[in-house]
Amino acid sequence: MSETYRVRASSWASLFDCAYSWQGTHLLGMKRPGGTRALLGTAVHASTAVYDGHREEISMDDAADALIETLHHPEFEVNYNTDDLTIPKAEAIGLKLHSLYCREVSPQYEFAAVERETTPMDIDCGDGIIIQLTGTLDRSRSVVGKEGHTRIADLKTGVRAVQKGEAKTQGHKAQVGTYELLEEHTTGNTVESPAEIIGLSTSGTPKYAVGQIENAKQVLIGTDEAPGLIDLAKQMFKTGLYYPNPQTWLCSVRYCSRWETCPYHE
């Protein structure tokens, strides 16, 4: 008997952080409300995506309406008591970041697509088990580079998004690698250029930085010497064994939907 697991592309990378937590959220339907800082990130991504997708038809200020709408009418449950950030403060920070991005970052790029809707990609695990990656390349842009080559530019916000003047790229390789594979699967074009992380800091003075990630998709597909993360994911889906990672910084009651019933955390 065959079984297909539909998995959103944006969640795929977190499977390799703590698979046990990922299973709870995405296969068992266990949810944890987000905080105000997570909502701020979602709002900035929404307004900048509107601007990048319609730069010839919309002003920076008009695109900012998406930020205000997202903050005041979120589409997911928010626990407003988990952060030291009020909605008015989040709005002030978000508008400054939105303005900075639209004025200084967006003009540097020619976009082939903004948060591209992907063609579902099937991964055959054997024994009738199929993983189907679906959804959009959330918070990312397909960028036209030199000689028409496409690369992925992924937008990251947060208090740690820019550190010592540099974009934080550590921990993002699996996600942008997934996006590269889905970009190729959807368009038929090979992604040859390094991925980029566009970091927007939500702490202190508004600032941004851009960093590169080389060979991101290689970590997914593997090499002759080592299996890729996709091969490891196949084994998890086939066996039903989703391994915990109590050392991840996301292992806390604040982030993990499975915290109360998890026997592995300290």
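Which residue in E6 is the bridge partner of Val143? In the predicted model, local features need pLDDT of at least 70 and side-chain atom pairs count only at pLDDT 80 or more, whereas totals for chains, interfaces and linings use all residues. Residues are numbered from 1 along each chain as its sequence is written, and side-chain values use heavy atoms, with hydrogens and water left out.

The bridge partner of Val143 in E6 is Arg151. Strands (E, at least two residues) and helices (H or I, at least four) are DSSP runs, numbered from the N terminus. Five bridges join E5 to strand E6 (residues 150-158), and the two run antiparallel. Strand E2 (residues 111-114) is also antiparallel to E5, through three bridges. Ala113 has Ser142 as its bridge partner in E5.

Five strands form an open sheet of mixed pairing, in the order E2-E5-E6-E9-E10. Its edge strands are E2 and E10 (207-213), each pairing on one side only. Two strands pair if DSSP finds at least two bridges between them. Neighbouring strands of the sheet are turned by 25 degrees against each other on average, direction ignored.

Strand E5 (residues 140-144) is largely enclosed by the rest of the structure, because four of its five residues are buried. Buried means under 20% relative accessible area, exposed over 50%, and partly exposed in between (1.4 Å probe, protein chains only). Helix H7 (residues 173-187) lies across E5, E6, strand E9 (195-201) and E10, at about 145 degrees to E6. Axes are lines fitted to C-alpha atoms, for helices over the stretch in contact (heavy atoms within 4.5 Å). Angles run from 0 to 180 degrees between N-to-C directions.
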